[in-house]
Amino acid sequence: MSSNEKISVALIYDFDGTLAPGNMQEFDFIPAVGKSNKEFWHDANSLAEQQDADGILTYMAKMVHEARATGLSLRREAFQESGRKVQLYNGVKSWFGRMNAYAAEKGIELVHYINSSGLKEIIEGTEIAHEFRKIYACSFLYDIDGIAYWPAVAVNYTNKTQFIFKINKGVESVYDSKRVNTYIEEDKRPVPFKRMIYVGDGTTDIPCMRLVKNFGGHSIAVYNPEQKGARKEMGSLIRDNRVNFVCPADYSAGSEIDTVVKAIIDKIATDHLLELLEAQ
């Protein structure tokens with residue numbers, strides 16, 4: 001590989017609490033079915049506890065049940081329309097262009113991915129959906145009339161890690177489990193772990209953050225800057241060796257995470273140059 005050839009770096013984000021405050025259903029869907037946020041999530045979590053079920057599957061079942069009960073559309077387009085109401089953290093909209101330009105100056109192609117336990121169809125409706133190479137998230141199966149009727153993909157905290165390996169090996173299909181389990185030497189994979197940056201905010205991201213960090217990549221935990229005491233709570237992730245950095249979820253130019261990600265990009269570019277020099 002010549003020093004002029006661009007290398008790919010994957011920037012992988014959770015969505016709820018990471019790029020947007022709160023859960024994506026809370027901006028439009030939950031108010032539309034006449035529930036409070038507290039009521040909806042309590043019902044979904046109670047159902048999971050009562051039936052000893054996966055909390056992700058029960059929230060998806062609750063969405064279908066509540067929509068049917070109130071006559072709300074269950075079409076993909078209706079979920080996407082709901083995504084247009086999602087509010088983002090400060091600086092998110094300009095973040096991707098800024099980071100892409102900075103990385104390009106260093107000979108790096110930055111590729112953005114979503115890895116979320118939220119709903120893919122809602123994320124598809126947000127104003128930043130076009131920024132992502134792939135959105136890995138929960139989604140529904142749709143019948144011949146385009147109505148959601150059953151979960152197609154349910155992403156909980158442990159099976160989130162499968163998508164890290166898919167990115168690592170360049171397998172974009174959720175269905176394809178054959179290629180992702182095929183052995184490929186680490187340095188021949190499209191995106192080695194050392195060229196991954198994972199950004200997440202909570203417990204569902206811990207296995208992914210730990211995985212990326214342990215394999216030589218970089219993990220960043222973010223928190224709502226308006227939430228009192230949030231940074232202190234996140235401190236345990238550093239102490240427990242689960243993440244490299246903790247930053248407020250403010251993505252504006254000159255912010256803490258802006259500085260950290262640029263420094264990681266610099267390090268990846270320098271490490272790559274050193275590898276090339278050693279190879280010579």
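User: Hi! Before we start, what counts as a pocket here?

Analyst: Hello! A pocket is an open set of grid points with protein on both sides within 12 Å along at least five of seven lines. Please keep in mind that this is a predicted model.

User: Thanks. What volume does the largest pocket have?

Analyst: The volume of the largest pocket is about 660 Å³.

User: And which residues are closest to its centre?

Analyst: Those are D14, D16, N23, D201 and T204, out of 27 residues that line the largest pocket.

User: Which helices and strands each supply at least two residues of that lining?

Analyst: On the helix side there are helix 2, helix 3 (55–70) and helix 9 (230–239). Strand 2 (108–119) and strand 6 (218–223) each supply at least two residues as well.

User: How does the lining divide by class?

Analyst: The lining of the largest pocket has twelve polar, ten nonpolar and five charged residues.

User: Changing topic: how many aromatic pairs are there?

Analyst: The count is 13 aromatic pairs. One of them is F29 with F40: the ring centres are 6.4 Å apart and the planes stand at 80°, so this pair is edge-to-face.

User: Where do F29 and F40 sit in the chain?

Analyst: F29 is in helix 1 (residues 29–32) and F40 is in helix 2 (residues 37–51), eleven residues apart, and the pair links distant parts of the chain.

User: Are those two buried or exposed?

Analyst: F29 is buried, with a relative accessible area of 4%. F40 is buried too, at 0%.

User: What about F29 and F79, and why is that pair called tilted?

Analyst: Their ring centres are 6.4 Å apart and their planes are at 35°, so the pair is tilted. Stacked would need planes under 30 degrees apart, and edge-to-face over 60. This pair also links distant parts of the chain, since F79 lies in helix 4 (residues 76–83), 50 residues from F29. F79 is buried, with a relative accessible area of 2%.

User: Which residues do ring pairs link into a cluster?

Analyst: The cluster consists of F29, F40, W41, Y59, F79 and F140.

User: Last topic, helix packing. At what angle do helix 7 and helix 8 pack?

Analyst: Helix 7 (residues 161–169) and helix 8 (residues 206–214) pack at about 35°, and their axes are 9 Å apart.

User: Which residues meet there?

Analyst: From helix 7, T161, I164 and F165 meet P207, C208, L211 and V212 of helix 8. By class, the residues of this contact are six nonpolar, one polar and no charged.

How values were computed: Residues are numbered from 1 along each chain as its sequence is written. This is a predicted model: local features need pLDDT of at least 70, side-chain atom pairs count only at pLDDT 80 or more; totals for chains, interfaces and linings use all residues. Side-chain values use heavy atoms; hydrogens and water are left out. Rings of Phe, Tyr and Trp (its six-membered ring) pair if their centres lie within 6.5 Å; planes under 30 degrees apart count as stacked, over 60 as edge-to-face and the rest as tilted. Helices (H or I, at least four residues) and strands (E, at least two) are DSSP runs, numbered from the N terminus. Buried means under 20% relative accessible area, exposed over 50%, partly exposed in between (1.4 Å probe, protein chains only). On a 1 Å grid over the protein atoms alone, a cavity is a set of points where a 1.4 Å probe fits but cannot get out, and a pocket is an open set with protein on both sides within 12 Å along at least five of seven lines; lining residues have an atom within 4 Å of a point. Grid points are joined across faces, edges and corners, and a volume is the space filled by probe spheres set on the points. Ala, Val, Leu, Ile, Met, Phe, Trp, Tyr, Cys and Pro count as nonpolar, Asp, Glu, Lys and Arg as charged, and the others, Gly among them, as polar. Axes are lines fitted to C-alpha atoms, for helices over the stretch in contact, and angles run from 0 to 180 degrees between N-to-C directions. Contact means heavy atoms within 4.5 Å.
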